[in-house]
Amino acid sequence: VYTAKVGPSILSSDLSQLGRECERMMECGADYLHLDVMDGHFVPNITFGHPMVECLRRCIGPDPFFGLEALLTLCRITDMHMMVSRPEQWVKPMAAAGANQYTFHLEATTNPGSLIKEIRESGMKVGLAIKPGTTVEELAPWAGQIDMALVMTVEPGFGGQKFMEDMMPKVSWLRSQFPSLDIEVDGGVGPDSIYRCAEAGANMIVSGSAVVSSDDPRSVIALLKNVVME
Ligand code: DX5
Ligand code: ZN
């Protein structure tokens, strides 16, 4: 039995108001924040890096106020989704900036084992992400060493894309093989696609445009959480 957590992606929000947007999401019931770092090389888009995370930390605070339960069970208030070509390069700067979890792409490194070790040593949780074209069998050898697997449900790079339902067998397979692994889905997840994610066994739900551009983000977050709760 597991409980789903919802982490809004603020990629589609007003980036000039990022601190305010993060606060707003947390006030609306977010369990954590999914922050999309893009380097213009691994993906054809650029967002922000560790200096921005350091500034956001001042808004979010080192001791998040939005739920003791979240604090105790999760401790990953800032989930950094690193869509970058050299993930090794940013581990220490991100840890120093106050990131709680470092999610890197399997496609971006030749030595996942040493990167996993480095992330752990720096005090962050470890997430491992795969793009739609990467098989779950490639991720499997590392599943015992990570805190979370991220199954991308769009090609990484942009918010607001269509959910790829054909990624769900990856989630189901991972859930069957690793019952206690946290499994996150990211890309096109909203009220229409959440049922498929829940059914497949995802327990960490990233949602960008569906939450951020809604008139009522609180209800959308609640809906995403409640569907997945078992
Ligand atoms: C895409 C990002 C996602 C995305 C989510 O590359 O990793 O986090 O911004 O946004 P939506 O939910 O709009 O697809
Ligand atoms: Zn993401």
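Modeller: Helix 1 buries Glu21, Cys22, Met25 and Met26; "buried" says that 20 or more other C-beta atoms lie within 10 Å of the residue's own, "exposed" that 12 or fewer do, with partly exposed in between and C-beta atoms placed from the backbone. Those four sit on the same side of helix 1, because they cover an arc of only 135° around the axis, the arc being that of the directions from the helix axis to the C-beta atoms. Over on the other side of helix 1, Arg20 and Glu27 are exposed. After helix 1 comes Gly29, with a positive phi near 105°.

A word on the ground rules: this is a predicted model, where local features need pLDDT of at least 70 and side-chain atom pairs count only at pLDDT 80 or more, while totals for chains, interfaces and linings use all residues. Residues are numbered from 1 along each chain as its sequence is written, and chains are lettered from A and ligands numbered from 1 in the order in which they are written. Helices (H or I, at least four residues) and strands (E, at least two) are DSSP runs, numbered from the N terminus.

Helix 1 (18–27) also turns up in what covers the buried residues of helix 2, along with strand 2, strand 3 (78–83) and helix 4 (91–97); contact there has C-beta atoms, placed from the backbone, within 7 Å. In helix 2 (residues 50–60), those buried residues are Val53, Leu56 and Ile60. They share the same side of helix 2, since their arc around the axis is only 65°. Pro51 and Arg58 are exposed on the face turned away from that buried side.

Conventions:
Two residues are in contact if their C-beta atoms, placed from the backbone, lie within 7 Å.
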